[in-house]
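Here is a friendly tour of one model, taken contact by contact. Please keep the structure open beside the text as you read.

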Amino acid sequence: MKSSSLSLIAGAVALAAVTGFAALTAPGDTATAEAKTAARMPVERSSLLCPAPGLSELAETTYTSFTPAGGGSGGGEAGAAELQKATATTADDGKKDDKDEKGKKKDDKGKKADPGKPVVSLKEPGKPVIAEESGADTPALVGTATGRLAPGWTTQQTTMVEAGNARGLLGVSCTGPDTDFWFPAASTSKSREDYVHLTNPDDTAAVADIELYGPDGSLKSDVGEGITVPARSGVPVLISTLTSEVTDDVTVHVTTRTGRVGAVIRTADEKTGSDWLTASTTPTGTLVLPGIPADATSVRLVAFAPGDADADLTVKLMGKTGSFSPVGQDQLHVKSRMTAGVDLKALTKGEAGSLLLTPAKGKKDTPVVAALRVVRGTGDKQEVGYIPATGPVGARATVADNRDKGSILSLAAPGATATVKVTASAGSGGGEQTVKKYTVKGGTTLAVTPPVPSGLKGGYALTVETESGGPVHASRMLTVTQGGIQMFTVQTLSDDKGTVEVPAAEQDLSVLDD
């Protein structure tokens, strides 16, 4: 009996490392077990999904994949981290009988589709790997990391489109699969072309619903329900085809009935170009939107309250030396299930900052989601980017695809003063990692040119770790000048959840031996 008990404990530990949850208690000892201090162990498996980047034949896409060094043993295995091409389908394709009895995608001959060789294959922690694709037909990628490559695994997808309505520098940190996503700052206006990209990592089909909310509430739609995303496939859905109502500010809610998906929105505007809009953090009463560029010429805040209660928010900008509320725009009322938008104009006035949304004085803490639409430049040289509300970096967060120039790292401390450690990894083609520490005063944003690896060749990753003090929220802005336009993209950094809590087993196992 003793050996089987030990196996049970080992199984619980392994389950926690893979799924993020496990519990083990002896009969009659629940309270004691709950009081034990939980240990943290590295995850043994991570999944990432990258949306289909193909926007035009001019699209040039770079994938940068990275796992931080020193993230733990990942179960002691060397492991692997690979991203493979998904099958490209449309929303209508998902309704056809093109799957086998297990829901797996077939090719034209009725066989299961072959994903082929990996597009990106990471071999070791601490050194990024780069791969490139081009053209309009590049599909979504799906992938898994195991062993020591799983904890903190991240991949950045960056696409350059030099001309056309889809022009711009489009960046996105590939996401993990989930079942619930909120996207404020989408649009069904005539000048916009916004697509929800749904990617299914699993071997069976997923079924998703897309709900749209405008300034007056839910937008009528008969075709946003029951969208099938075939196994290991990507499906783009044009938002404007889901409703006949035209509105500038739309909140998109994506949920799944069965399975899980990755979801991001690709926006395109006739005047300001394209970028990816990622999901806002989980609805909560206080939100931080970090890293508004110093030279932003237009900043628009879009917020949504998904519950039954209205939200009254205080709006503050955390700048270099302190926080202040914009004159005449220090309060925002968000009606229940209605999208609220406010033009904050050139909010930063030459000084990078972060937006802080908190419950108004005397008002209740009502969960909300939010995002910023940010424009740099003027006239025909405008370029758009998006900053969703994001959680803190926590123990550790990473963003890949940094270059020898063009990156700005923004660190915001909404509460107490904090100290963080920033590690610039080795380069993909060579170079030695560099480490630097920063102190961020409470209520401020510190915008810095991040450290660069010595002898850098290729691209590199930035890893931010909280060492002391209050929570820190962060983003990285990458800028590439093309045709006189400062094309840019902003990626937020949140805790990579590279470790999970595993309950300590301190009972005397001999009592289980019969």
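## A sheet and its edges

Strands β2 and β8 (residues 141–146) run antiparallel to each other and pair over 6 bridges; two strands are taken to pair if DSSP finds at least two bridges between them. Strands here are DSSP runs of E with at least two residues, while helices are runs of H or I with at least four residues, and numbering starts from the N terminus. Within this pairing, Ser47 sits opposite Thr144 of β8. As a general point, side chains in a regular strand alternate between the two faces of the sheet.

The pair belongs to an open sheet of 4 strands, ordered β2-β8-β4-β6, with antiparallel pairing. Because β2 and β6 (120–122) each have a single partner strand, they stand at the edges, and one side of each has no neighbour in the sheet. From one strand to the next, the twist averages 15 degrees; axes are lines fitted to C-alpha atoms (for helices, over the stretch in contact), with angles from 0 to 180 degrees between N-to-C directions.

## How to read the values

This is a predicted model, in which local features need pLDDT of at least 70 and side-chain atom pairs count only at pLDDT 80 or more, whereas totals for chains, interfaces and linings use all residues. Residues are numbered from 1 along each chain as its sequence is written, and side-chain values use heavy atoms, with hydrogens and water left out.

## The disulfide

How many disulfides does the model hold? The count is 1, where a disulfide is a pair of cysteine sulfur atoms within 2.5 Å. Cys50 and Cys174 make this link, with their sulfur atoms 2.0 Å apart. The link joins distant parts of the chain: Cys50 is in strand β2 (residues 45–50) and Cys174 in the loop between β10 (168–173) and β11 (180–186), 124 residues apart. It is right-handed, with 110 degrees about the S-S bond.

Are these two cysteines buried or exposed? Cys50 is buried at 0% relative accessibility, and Cys174 is buried too, at 7%. Buried means under 20% relative accessible area, exposed means over 50%, and partly exposed lies in between (1.4 Å probe, protein chains only).

## Salt bridges across the chain

The model has 15 salt bridges, each a side-chain nitrogen of Lys or Arg within 4 Å of a carboxyl oxygen of Asp or Glu. One of them joins Lys85 and Glu133, whose closest N and O atoms are 3.7 Å apart. Lys85 is in strand β4 (residues 81–85) and Glu133 in strand β7 (residues 129–134), 48 residues apart. Lys85 is partly exposed at 36% relative accessible area, and Glu133 is partly exposed at 21%.

Another salt bridge links Arg167 to Glu383, with the closest N and O atoms 2.9 Å apart. Arg167 lies in the loop between β9 (154–161) and β10, and Glu383 in strand β28 (residues 383–388), so this pair ties together parts 216 residues apart in sequence. Both Arg167 and Glu383 are buried.

Arg257 is located in strand β17 (residues 250–258). Its side chain meets that of Glu225 in a salt bridge (3.9 Å, N to O). Glu225 is in the loop between β14 (217–218) and β15 (227–229), 32 residues from Arg257, and is exposed at 58% relative accessibility. Salt bridges with shared partners join Asp209, Glu225 and Arg257 into one network.

The side chains of Arg257 and Asp209 also make a polar contact (2.9 Å). A polar contact is a pair of N or O atoms within 3.5 Å; within protein, one must be able to donate a hydrogen and the other to accept it, and residues adjacent in sequence count only if both atoms are side-chain atoms. The two residues are 48 apart in sequence, with their C-alpha atoms 7.3 Å apart.

## A buried serine in a loop

Ser336 is in the loop between β24 (331–334) and β25 (339–345), and is buried at 16% relative accessible area. A polar atom of its side chain lies 2.4 Å from the backbone oxygen of Gly307. Beyond four places in sequence, Ser336 touches Ala305, Gly307, Asp308, Ala309 and Asp310, a contact being heavy atoms within 4.5 Å.
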